[in-house]
Amino acid sequence: MAAGLPAAAQEASPQLQPQRIRELVHLVRQDCGSCHGLTLQGGLGPALTAPALRDKPRESLVATILGGRPGTPMPPFRGIVAEDEAAWIVDRLAEGFPPDPGASR
Amino acid sequence: MLHLIVKYMWWIVPVLLLSACATPQPTLRGTGDLGVVIERATGQVQVIETSGRKSLAQVSGLGDLSHASVVFSRDGRYAYVFGRDGGLTKVDLLTATIAGRVVQAGNSIGGAVSQDGRLVVAQNYEPGGIKAFDAATLELVADVPADYGTEGKRSKVVGLADLPGNRFIYSLFDANEIRVTDLSDPKNPKTERYPAGKQPYDALVTPDGRYYIAGLFGEDGLSMLDLWQPAQGVRAILPGYGRGEQALPVYKMPHLRGWAVAAGRAYLPAIGRHEVLVVELGSWKEVARIPVKSQPVFVMARPDGREVWVNFAFPDNGWMQVIDTFTNRLVDTFQPGRAILHLEFTPKGEAVWISARDDNKVAIYDTATRRKLAELPAASPSGIFFTSRAFRTGF
């Protein structure tokens, strides 16, 4: 279960199940982290910290997750995350992303 | 009196000798069968031994180890660990302690050791460039920015490798260039620039130090520089391997290193295609393209070159495939665990250590039977690095 997550991360999206939230946090930290860094301070891809994203429109960030950014290494995650999940990820990034509670069992 | 001591207290001397032996004395040992496993989420490394297939110690305080990589001192005693946060930590494998640490950049992905063993060089994303340090003291001895264009921009540096003559070769992701910096006099670094293909993402130098091959994200093909004939410049190899087809999404960038070379050929991960590309060294003719499970990440030859083992990008990162280099066919497909991030062969290749991040374990396989020999617990393990790298150009 999502016991390792801060309460805000669980409450913010009642339509997402705790198990799925845990998977999404793990996905962002670990697999997005392979380019953006585990701490999301950036790597081959840009930083995804709250200050780094402050001036970016929410819709364009959601679109980037789902559709990728042609001409850059950012791949589309449509089919891996749903639209409401991408929006949930963007909202969590904007407030500082929660720590990874580890892979689900 | 004396006869009483001799009669009743004769045991004192042996007991004193025994207790002297029982105090923790460092055991004399070599380092040729040692290595480190990165535990990336906790900023720790385990010091491991391949002969006993065991963990010897844990060292913490290494910072952000996402995408950490390791090179070794030429005496095989020290591991230089490069952290994502720009930390460069020198770990003493014999005492399992930190022998030195500097935070040398904002964002770093790896390094290399000079031919003479005196310099350890970091490749940095931020600020883009390479920095050379005294391998003994970690004192900064040269700072070579990867600047390009006329506006003072600096490129992310990828694909750093050591070359004979205390030179280092690397690629500029943002500037489509390969550079060679001569650090034989660190106070006066001399850099040669070679225009290359679009967006080099990583590179390798062949074990003889002759050919440098950069993988390209921005175009179909790879860039090759013959370091025995550098005046010929960069040549495109396997151009158009994607045949103009729509590239598949790449959820993790592949990694290239001298391990790609086997049986006189290079085994290279395609980008955006679920294939391993096989090219003959020298003629640069395509020999084969081998369809594999997903986007290959590490395409790594067993030290004897008879087999090449392949792992894959998310979401197929639970799989591993084995190619026979004699027939260029797949001979095995299996699932060693969840989120296979890396593998490392023992120096002569009888076993391979495989990190399974989401199972919090390292699995050790016999490469002849592909049967599991042992498992070691590890917290979110990623890279595995053995000291045998110390003696190989490009590692």
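A: Helix packing and strand pairing

Chain A contains 5 helices and 0 strands, where helices (H or I, at least four residues) and strands (E, at least two) are DSSP runs numbered from the N terminus. The model is predicted, with pLDDT of at least 70 required for local features and 80 or more for side-chain atom pairs, while totals for chains, interfaces and linings use all residues. Residues are numbered from 1 along each chain as its sequence is written, and chains are lettered from A and ligands numbered from 1 in the order in which they are written.

Along its sequence, chain A reads α-α-α-α-α. Of its 105 residues, 38% are buried (20 or more other C-beta atoms within 10 Å of the residue's own; exposed means 12 or fewer, partly exposed in between, with C-beta atoms placed from the backbone). Among the contacts in chain A with a separation of 6 or more, 53% join residues 24 or more positions apart; a contact requires C-beta atoms, placed from the backbone, within 7 Å.

One helix pair can be followed in detail. Helix H4 (residues 58-67) of chain A and helix H5 (residues 83-95) of chain A have axes that come within 9 Å and cross at roughly 125°. Axes are lines fitted to C-alpha atoms, for helices over the stretch in contact, with angles from 0 to 180 degrees between N-to-C directions. On the side of H4(A), the contact is formed by Arg58(A), Leu61(A), Val62(A), Ile65(A) and Leu66(A). H5(A) contributes Glu83(A), Ala86(A), Ala87(A), Ile89(A) and Val90(A). Sorted by class, this contact comprises 8 nonpolar, no polar and 2 charged residues (Ala, Val, Leu, Ile, Met, Phe, Trp, Tyr, Cys and Pro are nonpolar; Asp, Glu, Lys and Arg charged; the others, Gly among them, polar).

Chain A also meets chain B: 18 residues of chain A are in contact with 20 residues of chain B. The side of chain B that touches chain A has 9 nonpolar, 3 polar and 8 charged residues.

One open sheet has 4 strands in the order E14-E15-E16-E17 (chain B), with antiparallel pairing; two strands pair if DSSP finds at least two bridges between them. Strand E14 (157-163) and strand E17 (190-195) of chain B are its edge strands, each pairing on one side only. On average, and with direction ignored, neighbouring strands of this sheet are turned by 20° against each other. E14(B) and strand E15 (residues 167-172) of chain B run antiparallel and are joined by 5 bridges. Asp162(B) has Phe168(B) as its bridge partner in E15(B).

A second open sheet, also with antiparallel pairing, consists of 4 strands in the order E18-E19-E20-E21 (chain B). Here strand E18 (200-205) and strand E21 (234-237) of chain B form the edges, and each pairs on one side only. From one strand to the next, the twist averages 25°. Strand E19 (residues 211-216) of chain B and strand E20 (residues 222-226) of chain B are antiparallel, with 5 bridges between them. In E20(B), Ser223(B) is the bridge partner of Ala214(B).

Another antiparallel pair consists of strand E32 (residues 361-366) of chain B and strand E33 (residues 372-377) of chain B, again joined by 5 bridges. Tyr365(B) stands opposite Lys372(B) in E33(B). The hairpin of E32(B) and E33(B) has 5 residues between the strands, and Arg370(B) adopts a positive phi near 55° in this hairpin.

Two individual residues complete the account. Asn328(B) lies in the loop between strand E28 (320-324) and E29 of chain B. Asn328(B) counts as partly exposed because 17 C-beta neighbours lie inside 10 Å. Apart from neighbours within four places in sequence, Asn328(B) is in contact with Val278(B), Ala288(B), Ile290(B) and Ile323(B). Its C-alpha atom is separated by 9.9 Å from that of Arg306(B), 22 residues apart along the chain.

Val331(B) belongs to strand E29 (residues 329-334) of chain B. With 12 other C-beta atoms within 10 Å, Val331(B) is therefore exposed. Val331(B) touches Val322(B) and Asp324(B), residues up to four places away in sequence not being counted. Between the C-alpha atoms of Val331(B) and Gln321(B), 10 residues apart along the chain, the separation is 7.7 Å.

Notes
Two residues are in contact if their C-beta atoms, placed from the backbone, lie within 7 Å.
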